[in-house]
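Here are my notes on the model, point by point. Please read them with the structure open.

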2 protein chains.
Amino acid sequence: MGWMADEKGLGKCQANYVPLTPLSHLQRAATVFADHTAVVYGSHRATYKQYHARVSKLASALAGIGVMPGDVVTTLLPNTTAQIEASFGVPACGAVLNTVNTRLDIGTLTYILEHGEAKVVMVDSQFLSPVEAALALMNGAVPKIIEVADPDSGFLASGRHPEYEDFISKGNDSYSWVMPSDEWESLALNYTSGTTGRPKGVVYHHRGAYLMTMGTPISWRMVLKPVFMAIVPLFHCNGWNHTWMMPLLGGTVVGCRDVSAKAIYNGIAEEGVSHFGGAPIVLNMIVNARAEHRRNFDHEVEIFTAGAPPAPATLIGIEKLGFNVTQVYGLTETYGHVVECLWDSIWDELPESDKSALKARQGVAMPMMDVTTVVDSTGTQIPMDGKTQGEIVMRGNSVMKGYYKNPEATEKSFVGGFFHSEDIAVQHSNSMMQIADRMKDIIISGGENISSIEVEGAIMAHPAVSLCAVVAKPDDKWGEVPCAFVELLPGKSATETEVIAFVRGKLAGFKTPKRVVFQDLPKTSTGKIQKFELRVIAKTA
Amino acid sequence: MGWMADEKGLGKCQANYVPLTPLSHLQRAATVFADHTAVVYGSHRATYKQYHARVSKLASALAGIGVMPGDVVTTLLPNTTAQIEASFGVPACGAVLNTVNTRLDIGTLTYILEHGEAKVVMVDSQFLSPVEAALALMNGAVPKIIEVADPDSGFLASGRHPEYEDFISKGNDSYSWVMPSDEWESLALNYTSGTTGRPKGVVYHHRGAYLMTMGTPISWRMVLKPVFMAIVPLFHCNGWNHTWMMPLLGGTVVGCRDVSAKAIYNGIAEEGVSHFGGAPIVLNMIVNARAEHRRNFDHEVEIFTAGAPPAPATLIGIEKLGFNVTQVYGLTETYGHVVECLWDSIWDELPESDKSALKARQGVAMPMMDVTTVVDSTGTQIPMDGKTQGEIVMRGNSVMKGYYKNPEATEKSFVGGFFHSEDIAVQHSNSMMQIADRMKDIIISGGENISSIEVEGAIMAHPAVSLCAVVAKPDDKWGEVPCAFVELLPGKSATETEVIAFVRGKLAGFKTPKRVVFQDLPKTSTGKIQKFELRVIAKTA
């Protein structure tokens with residue numbers, strides 16, 4: 001411990017200690033990047049000076065209707081101007097930002113609004129009905145609605161609630177922001193997707209989000225003034241914290257209401273988009289884009305992908321098109337990505353298939369994390385042999401404060417001084433982690449563990465397959481057997497027998513799916529395949 | 001303040017709170033950049049795995065001779081392997097790193113060793129004599145000497161003290177580092193150059209150095225694996241914290257014993273040096289390099305320059321040679337640079353002279369700082385009109401803890417919640433600060449303030465002038481008048497009358513130097529011109 005013999009007069013004071021918060025980035029950017037484009041969405045374009053002014057008006061208007069520091073403000077918004085502005089405008093009045101998935105059912109929405117005690121809900125006109133329905137079902141105090149119309153996209157104000165532009169026009173653009181006096185203060189409340197049971201409310205602090213913004217540019221090879229397209233919904237880990245990061249770099253955020261290959265290609269060609277994040281399904285979308293939606297561009301576009309390991313075939317396909325893909329890994333509980341598949345240039349000369357296999361690994365700790373590793377059930381580091389499986393655990397400043405109003409679940413997730421991911425992985429000799437499966441997605445057949453991801457990777461290499469998911473199907477003899485669900489590429493065909501034969505040449509017999517079902521895969525709004533739905537189908541498939 | 005209605009279970013714990021320290025970067029790099037080159041100096045080359053092992057041995061060996069957490073370990077070393085390793089090895093055993101200027105007189109050295117209560121001194125064989133002399137003069141406990149020989153450079157071990165390589169060979173490469181349990185713990189002790197009175201001991205904490213390393217890559221447009229040449233002595237603000245930063249990026253540190261144009265060109269051509277910092281005098285050295293010392297290279301080299309505003313003529317000269325210069329500004333008290341001359345691409349099309357004038361501005365707050373601005377004597381923000389002068393003040397996490405054993409000086413420097421730089425500046429309408437002068441370097445002539453920097457800039461534009469410094473000369477009529485000291489370029493000549501006539505065409509009459517003296521300028525080891533010596537000469541010039 002580095003305390004010197006005499007530490008008199010060496011304590012913290014106003015001059016040398018300022019709580020870390022991503023809010024500071026926009027305050028700085030409003031001056032140092034004043035006239036640079038900060039936000040683009042449809043016909044809306046704002047410089048940093050204008051962005052800062054609009055954010056200040058939002059904060060001021062929220063304070064004006066009684067939002068107090070520590071209060072929760074909920075948003076149900078696509079990645080539009082209002083959602084981008086809420087990233088700063090809500091915490092700038094001291095409130096806690098609760099971005100909610102726009103596709104939730106009314107019951108879950110009601111639960112979240114009650115549990116978080118939201119004081120205000122900012123909602124896009126498209127999603128107004130379910131919010132009104134949820135409010136009608138709520139017990140206790142009901143939040144005020146601010147409706148966000150998007151006339152350019154055909155969503156007009158209902159007239160039943162204050163509209164966003166009117167609302168902020170009453171705010172003060174020189175409003176003095178409520179900055180945290182302690183960097184541990186709460187910044188955001190994000191409910192997990194909760195495939196079983198009630199969603200849990202993950203609480204972020206200012207310190208963690210600030211450090212996310214400082215570490216990410218290094219991993220993402222960002223220099224000043226990148227152009228970032230908000231593909232990942234901002235209701236998913238606050239879009240991996242990227243809107244909080246962009247003012248640090250003087251970058252531009254390009255909003256996106258509906259994710260499509262066309263929208264992405266247009267962003268790249270017209271706005272010069274240099275970076276975006278997205279689930280592997282977004283990568284597939286780009287690879288399989290129709291010719292008339294593709295655009296030419298002459299810069300390399302950096303993609304962070306997460307949510308599932310990208311299939312080698314997808315990686316090979318997209319990198320030929322001018323994109324460089326880095327897989328990152330994390331959870332809502334870790335503010336998004338905290339592990340990166342850090343590329344080593346000595347791998348540059350490997351064959352494409354080997355490179356893809358390496359890129360399918362989740363990787364190593366990002367700069368802002370302390371420890372990310374794999375342990376066995378006793379908490380002991382597993383051998384880094386690429387075979388032994390264990391659970392991914394993490395420690396660092398980008399780990400949540402805990403679950404809101406759920407100290408028991410918090411304590412459980414932090415057992416042994418690490419956050420427990422419930423993801424099963426091996427670790428390679430260079431310490432790179434590779435996910436074998438979600439704990440609950442492991443298929444146990446005849447006592448053998450089968451990684452659903454491994455089987456999916458084998459199926460994805462089939463030239464007719466666009467997307468697939470493998471889940472456990474109950475089996476009298478083996479306990480469970482793998483059951484595959486497959487989406488085919490347009491114009492391509494394959495039979496169950498062909499797919500099974502194809503996989504049998506690559507994997508051990510017990511890992512080969514016993515059933516292959518061809519159908520559209522159910523997905524969350526963030527592109528994650530909803531395996532719990534498939535498990536229901538698999539039972540009788 | 002963002003405290004939610006119910007913060008139960010949302011406190012800090014081992015999983016979600018880790019004290020910030022630059023030590024974490026090398027621990028991560030030893031794994032994620034294991035086989036990448038970390039340090040190059042002469043014939044020494046080490047990968048990150050090897051660097052980490054040697055640092056661990058150093059820490060272990062220091063602990064082995066009784067160095068305890070909080071103890072001070074002093075180094076008197078050029079930018080050699082040992083000095084680079086001490087950046088991590090000393091704090092890794094919990095000790096406080098006290099890098100000392102190798103050119104100090106014995107009296108000042110004795111004062112520093114006594115004041116800091118150094119337990120160990122690591123000293124290069126070249127500088128052993130003054131250290132031995134200082135130890136002989138010391139009152140109280142005398143530090144142990146570890147001698148660092150540099151046989152490649154002709155400096156052999158004296159045989160009178162343990163030698164560095166022997167010393168660390170007894171250390172344990174799997175020594176468990178002493179990590180801070182509080183990020184406010186002391187990391188380094190840096191004595192100011194103290195041109196008047198005793199030097200003051202500036203204390204750095206782990207948090208501040210960590211945040212320096214996170215903010216600097218953004219300002220310096222660094223992506224992964226830069227090659228950094230240590231030109232700025234590591235005893236000057238710990239080389240602006242760059243050795244602490246490099247493992248974050250997986251970069252390579254190239255040591256440098258003696259700074260010369262030849263050494264810099266060789267580093268660029270042979271090691272691929274991409275970044276270095278240096279005073280404007282280093283830029284001059286490059287511009288004026290002899291033909292046989294120049295090397296060809298095909299990448300752009302990024303230079304941070306600080307210590308004095310670079311003269312426009314120097315900037316124009318060096319940028320033609322493949323270097324891009326960014327002026328940064330800071331003080332020992334701010335861990336080095338905290339202000340950057342952030343370039344706006346809209347200035348790209350301006351004439352060279354306008355661009356140079358913009359680059360001579362100190363600039364705006366770097367990302368890790370909260371506020372850097374200019375205030376009048378009452379602490380009020382000055383008008384941003386490019387004319388009104390005030391003092392530069394700073395607030396942020398990269399401001400020192402304070403002065404060691406000097407709470408009065410600490411309190412004085414932090415008056416009003418800002419660190420007071422004692423530098424006089426104007427602020428332009430885009431908030432960019434431009435130093436007019438050090439408070440003590442201002443020349444007051446007939447009641448008018450004359451910026452010595454402005455006069456120097458005018459003289460530097462003369463085609464025969466290599467370097468110059470302007471100081472106050474006492475004058476019966478005007479109080480003070482400007483007196484210029486000039487170094488001419490090799491083979492060029494100029495007379496006093498010519499220089500005065502040249503300047504008179506550019507500046508107001510009262511700003512024109514009344515005397516011009518041609519001589520070599522006295523400089524500190526960091527390239528700063530020692531004006532206090534010139535003031536003595538000016539009295540009778």
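1. D182(A) is exposed, because 12 other C-beta atoms lie within 10 Å and a residue with 12 or fewer counts as exposed. This is a predicted model. D182(A) sits in the loop between α6 (164–169) and β7 (186–191) of chain A. Its C-alpha atom is separated by 44 Å from that of K387(A). Along the chain, D182(A) and K387(A) are 205 residues apart.

2. Two backbone angles deserve a look. Most residues other than glycine have a negative phi. C237(B) is not a glycine, yet its phi is positive, about 50°. This residue belongs to helix α8 (residues 237–240) of chain B. C237(B) counts as buried, with 27 C-beta neighbours inside 10 Å. K405(B) also has a positive phi, near 55°, and is a residue other than glycine. K405(B) is placed in the loop between β18 (402–403) and α14 of chain B. Is K405(B) buried or exposed? K405(B) is buried, because 20 other C-beta atoms lie within 10 Å and the cut-off for buried is 20 or more.

3. Next, the relation between the chains. Chain B superposes on chain A by a rotation of 180° with 0.0 Å of shift along the axis. The RMSD of that superposition is 0.1 Å. The two copies are therefore related as by a two-fold rotation axis. Which residue of chain B comes closest to the rotation axis? M214(B) does, with its C-alpha at 3.0 Å.

4. The interface comes next. Chain B gives 65 residues to the contact, and chain A gives 65 residues. On the side of chain B that touches chain A, the elements with two or more residues include α1 (23–32), α7 (206–219) and α9 (242–249) of chain B. Strands are listed there too, among them β7 (186–191) and β17 (390–396) of chain B. The largest share of that side, 4 residues, comes from α1(B). By class, the side of chain B that touches chain A has 36 nonpolar, 17 polar and 12 charged residues. Of the interface residues of chain B, 100% are also interface residues in chain A, so the copies meet through the same surface.

5. On the core: the largest nonpolar core has 337 residues. Those with the most contacts inside it are L62(A), M122(A), L62(B) and M122(B). Leaving out residues up to four places away in sequence, L62(B) touches V67(B), V73(B), V90(B), C93(B), A95(B) and V120(B).

6. Chain A has an open sheet of 9 strands, with mixed pairing. The order is β2-β1-β10-β9-β11-β12-β13-β14-β15. Strand β1 (residues 37–41) of chain A runs parallel to β10 (residues 252–254) of chain A, with 2 bridges between them. V39(A) has V253(A) in β10(A) as its bridge partner.

7. Strand β14 (residues 336–340) of chain A is mostly covered, with 5 of its 5 residues buried. Strand β13 (residues 323–331) of chain A runs antiparallel to β14(A) and is joined to it by 4 bridges. L331(A) stands opposite G336(A) in β14(A). The hairpin of β13(A) and β14(A) has 4 residues between the strands. In that hairpin, Y335(A) takes a positive phi near 65°. β14(A) also joins β15(A), antiparallel, through 2 bridges. There V339(A) stands opposite A365(A).

8. In chain B, β11 (residues 275–278) and β12(B) pair in the parallel sense over 4 bridges. H275(B) stands opposite E302(B) in β12(B). Why is strand β12 of chain B largely enclosed by the rest of the structure? Because 4 of the 5 residues of β12 (residues 301–305) of chain B are buried.

9. A further open sheet in chain A has 4 strands in the order β16-β17-β19-β20, with antiparallel pairing. Its edge strands are β16 (369–375) and β20 (433–438) of chain A. Neighbouring strands of this sheet are turned by 45° against each other on average, direction ignored. Strand β17 (residues 390–396) of chain A is joined to β19 (residues 419–427) of chain A by 4 bridges. M394(A) has F419(A) in β19(A) as its bridge partner.

Definitions and conventions
Residues numbered from 1 in each chain as written. Chains lettered and ligands numbered in written order. Predicted model: local features only at pLDDT ≥ 70, side-chain atom pairs only at ≥ 80, totals over all residues. Least-squares fit on C-alpha atoms with pLDDT ≥ 70 in both. Contact = placed C-beta atoms within 7 Å. Pairing = 2+ DSSP bridges. Axes fitted to C-alpha atoms, helices over the stretch in contact; angles between N-to-C directions. Nonpolar A, V, L, I, M, F, W, Y, C, P; charged D, E, K, R; others polar. Core = buried A, V, L, I, M, F, W, Y, C linked by C-beta atoms within 7 Å.
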